[in-house]
Amino acid sequence: MNKANFVFWGTPDVAAETLEILKQNGFLPSLIITAPDRRSGRGMQIQESPAAIFAKENNIECLKPETITVLSRVFSSEDNRLAVRSEKKLEGAEYDFFLVVAYGKIIPEDILNIPKLGSINVHYSLLPRYRGASPVESAILNGDTETGVSIQKMVYQMDAGPILAEEKVAIRDGETAPELRKRLIKVGGELLVKILPDFIENKITPKEQVGELSHCKKIKKEDGLLDLNDDGVKNYNKFRAYAHWPRTYFVKDGQRTIITKAHLEGGKFVIDRIIPEGKKEIDYRN
């Protein structure tokens, strides 16, 4: 295993999948910081985040702070050492860098600057395009044919840090956000593994972001609402972008109907399968 001493910050599947790629290539963090356990699912059972599950399976120390205030007590920026965990003293440890992949909270600048090499982040767009929470969905929504992965040196401004490495990825015809994200996670993980040795030895000169600046928002459930009279390509892109969540739907006679399968035919958005409110999935007949 590589002897780099780093902390991984991340929460959902994308974080756990990146951790697995790191592990396969000899990089394991000394500590994982993730979101607290939450109740979810039909039974509202308490569940750990995918990153927390990875930590448990690999015997890695894991912190689940509820707030940034708690995080500020976890680290001491004066001596770059892990100082407090659940109000219990721990042996200090100096870190080479922090790696952030879909953590879900804004990390204070004093914490980002704790490691000797600072903090880095994997972002799934070609920065400065699509800074923000939904770069994969936004690329598909806008009908882009190309996107990519950027690894950036983090600063205390959303996705505004200088670039350490990037790789372009073509968006395939009809590709949905889950399909594209799966490919980007693999590309991002492999790019990360490729540059880490040079980054750790301080051999990479970060480059300022260049190009068209744009931002993307956090997706809400109501964003999935479709106007069936809208442009066919626009609706198809929306269907592809929200294929995993929140999923696209239309409302007719006060009933919410989820679209589960659709295609584009001569510029027309064609619905194939639906789930009517409170019912099972069926073929769609207009």
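Glu48 and Lys56 form a salt bridge, with the closest N and O atoms 2.9 Å apart. A salt bridge here is a side-chain nitrogen of Lys or Arg within 4 Å of a carboxyl oxygen of Asp or Glu. The model is predicted: local features need pLDDT of at least 70, side-chain atom pairs count only at pLDDT 80 or more, and totals for chains, interfaces and linings use all residues. Residues are numbered from 1 along each chain as its sequence is written, and side-chain values use heavy atoms, without hydrogens and water.

Glu48 is partly exposed, at 26% relative accessibility. Lys56 is exposed, at 55%. Buried means under 20% relative accessible area, exposed over 50%, and partly exposed in between (1.4 Å probe, protein chains only). Salt bridges link Asp37, Glu48, Lys56 and Lys64 in a network.

Asp37 lies in the loop between strands S2 (31-33) and S3 (38-40), and Lys64 in the loop between strand S5 (61-63) and helix H3 (68-74), so the pair ties together parts 27 residues apart in sequence. Helices (H or I, at least four residues) and strands (E, at least two) are DSSP runs, numbered from the N terminus. Asp37 is partly exposed, at 32%. Lys64 is also partly exposed, at 29%.

The structure holds 15 salt bridges. Another of them joins Arg273 and Glu281 (3.5 Å, N to O).

Arg240 sits in helix H7 (residues 232-241). Arg240 is buried but has no salt bridge. The nearest side chain of opposite charge, Glu175, is 6.1 Å away.

Key:
Lys and Arg count as positive and Asp and Glu as negative; His and the chain ends are not counted.
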